[in-house]
Amino acid sequence: MSRKFLGLVLPLAILIGWEAIWYLAANPLESISRPSQIALALMHGLSDGSVLLLTWQTFESALLGFVIAAGLGVLTGIFLGLAPQLERLVRPTVDLLRPIPSVALIPLAMLIYGFGVRMESSIVAFACIWPVLLITIAAVRGIEPGLLEVSHALQLSTWQRISRIVVPAAMSRIAVGLQLALAIALVVAVTVEIVINPRGLGYGMMSAQQSLQFDRMYALLLWTGLTGWGLSRLSQTLIDHYSPASRAQLPRSPA
Amino acid sequence: MNHETYGTGPGVSAPAPASHTVALKTSNVSMAFGPRTVIAPLDLTVNAGEFLCIVGASGCGKTTLLRLLAGLVTPTTGTLNFLGQAINGPARDRAIVFQDYGRALLPWRTVAGNIALALEACGIPKDQHRSKVEQLAATMGLSHAINQYPSQLSGGMQQRVQIARCLAQDPKLLLMDEPFGALDAITRQNLQDEVARLAQERNTTVVFITHDLEEAIYLGDRVVVLAANPGRIAADITIDIPRPRNQLTTREDRKFLEYRHDIYGLLEDH
């Protein structure tokens with residue numbers, strides 16, 4: 001019970017110390033808001049709905065990009081994982097495209113889509129597809145050869161082999177790639193909003209900073225961190241409950 | 001003993017009594033991995049309903065031979081025939097029980113789900129799965145474990161699941177690759193008796209690989225001794241011990257001990 005809350009001690013101590021310093025310092029910096037002001041600004045932003053709107057805008061782009069990347073990445077990854085020759089053909093191109101910083105695509109995406117969801121989610125999708133693709137390929141390659149031999153001996157059709165053996169066997173590792181991609185999606189979405197796109201949490205932070213509403217800027221920063229944490233917790237919970245591998249790791253019954 | 005045929009190399013074929021129909025036949029089958037010959041040209045005949053045990057030291061090509069019979073690998077030379085059809089790949093009427101049950105079962109599926117995989121492969125309608133799975137589980141003594149996952153079962157139980165899955169294919173030929181090698185003595189004896197009983201009841205042809213000579217004699221209608229480097233038939237011996245056999249009395253039987261004595265000498269020689 002007490003161990004569960006042990007992790008809260010440090011953040012609370014920092015907040016109290018922060019608030020205390022603000023009172024003790026003779027000439028506090030205006031740009032460093034007090035925790036109490038930040039909390040008030042966050043409550044205010046939440047109650048008037050502006051923070052929720054910004055959150056929705058960021059999530060819209062991040063999740064759309066993530067879903068596109070996940071779908072394309074998993075499908076292509078399974079396909080390439082099962083066809084090593086084809087993977088050798090595609091691999092150099094992937095290695096060439098992968099190191100391009102996603103933010104460097106902003107000018108191009110602007111040219112194609114202009115401001116808005118499509119521009120932002122296309123950059124998110126570009127950033128997210130590589131980890132999903134590469135981890136899926138590795139996961140399919142790493143499937144127990146014995147299981148593939150069983151599918152061969154049973155003469156499973158290609159579709160049966162993929163749906164009944166390959167996907168469930170690779171799922172737990174693919175899920176790790178998806179989790180990674182989800183975290184990247186939020187980072188890239190907020191970055192694009194800060195750099196150029198006038199919507200979402202990133203834009204909210206920029207405009208708060210430029211209009212000298214520092215408490216609101218901190219509040220949005222805190223809120224972005226909380227939503228990211230919530231998203232990763234949610235994905236972990238989903239994986240724990242629904243992944244086929246989690247069922248396989250049930251405790252052994254006494255022999 | 002006059003029922004033995006000793007072979008010294010390629011081209012030794014088993015005596016096939018005219019009264020039996022030949023189920024499985026290999027002609028001049030050899031296997032090489034690069035420069036290394038694993039199996040020298042080999043002729044082997046298995047009659048329908050026969051329980052053939054192949055015994056040999058490790059590295060003599062037993063498993064390769066079984067994989068050839070399953071159609072999982074293609075021979076370098078020669079042809080394989082099962083019921084008059086050339087073996088060009090795996091087929092569901094030839095089921096293979098892998099030695100390593102831990103790698104052959106789907107860890108994310110229950111016992112019922114693992115057995116049902118073979119039914120799905122055979123295209124059996126879903127509404128029949130439940131009754132068929134229950135029946136097969138009962139046959140293999142798995143009824144109480146039907147909703148458990150492989151990781152929750154002992155090694156012997158997991159191997160029962162794999163055998164049940166193979167039976168779900170309704171195979172005419174059962175290929176078994178040292179299926180009981182990793183099991184304890186008591187579990188092994190129980191499973192030996194069950195496999196012997198199943199093979200007899202269903203009149204299934206069985207090719208059973210083992211490195212355990214006593215297991216081969218106890219189970220087999222015939223024992224083929226493989227010699228290594230390259231793999232070839234060193235002896236082909238008909239086991240003339242009546243069925244049903246008994247773990248205690250059969251193993252103490254004078255004939256059993258004679259077979260053991262003779263074949264043991266052959267295994268040592270090669």
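In the predicted model, 7 residues of domain 1 of chain B are in contact with 7 residues of domain 2 of chain B. On the side of domain 1 that touches domain 2, the residues fall into 5 nonpolar, 1 polar and 1 charged. The domain assignment of chain B places residues 4-93 and 172-269 in domain 1, and residues 102-170 in domain 2. Taken over C-alpha atoms, the centres of the two domains of chain B are separated by 26 Å.

A cis peptide bond, with omega of about -15°, joins B:Asn229 and B:Pro230. B:Pro230 is situated in the loop that runs between strand E10 (222-227) and strand E11 (232-238) of chain B. Another cis peptide bond joins B:Arg243 and B:Pro244, and here omega is about 0°. The loop that holds B:Pro244 lies between E11 and helix H8 (249-252) of chain B. B:Glu178 is in the loop between strand E8 (173-177) and helix H6 (185-202) of chain B.

Chain A contains 11 helices and 0 strands. Along the sequence, the pattern of chain A reads α-α-α-α-α-α-α-α-α-α-α. For its 255 residues the globule rule gives 18 Å, and the radius of gyration of chain A is 23 Å, well over that value, so chain A is more spread out than a compact globule. Taken along the principal axes, the box filled by the C-alpha atoms of chain A is roughly 80 × 60 × 30 Å.

Two packed helices are described by the angle between their axes and the distance between the axes. Helix H8 (residues 158-195) of chain A packs against helix H9 (residues 200-210) of chain A at an angle of about 40°, and their axes are 6 Å apart. H8(A) and H9(A) are therefore oblique to each other. Their crossing is right-handed. On H8(A), the contact is made by A:Ala189, A:Val190, A:Thr191, A:Val192, A:Glu193 and A:Ile194. On H9(A), the residues that make the contact are A:Gly200, A:Leu201, A:Gly202, A:Tyr203, A:Met205 and A:Met206. By class, the residues of this contact divide into 8 nonpolar, 3 polar and 1 charged.

H8(A) also packs with helix H10 (residues 214-242) of chain A, where the axes come within 10 Å and cross at roughly 165°. This angle makes H8(A) roughly antiparallel to H10(A), because angles over 145 degrees are counted in that way. The crossing of H8(A) with H10(A) is right-handed. H8(A) contributes A:Ala175, A:Gln179, A:Leu182, A:Ala183, A:Leu186 and A:Val190 to the contact. From H10(A) come A:Thr224, A:Gly228, A:Leu231, A:Ser232, A:Ser235 and A:Ile239. The residues of this contact comprise 7 nonpolar, 5 polar and no charged ones. A:Val190 of H8(A) is listed both in the contact with H9(A) and in the contact with H10(A).

Technical notes:
Residues numbered from 1 in each chain as written. Chains lettered and ligands numbered in written order. Predicted model: local features only at pLDDT ≥ 70, side-chain atom pairs only at ≥ 80, totals over all residues. Axes fitted to C-alpha atoms, helices over the stretch in contact; angles between N-to-C directions. Helix = DSSP H or I, 4+ residues; strand = E, 2+ residues; numbered from the N terminus. Parallel < 35°, antiparallel > 145°, perpendicular 65-115°, else oblique. Left-handed = near helix turned anticlockwise from the far one by under 90°. Contact = placed C-beta atoms within 7 Å. Nonpolar A, V, L, I, M, F, W, Y, C, P; charged D, E, K, R; others polar. Domains from an automatic or database assignment. Rg over C-alpha atoms; globule rule 2.2 N^0.38 Å.
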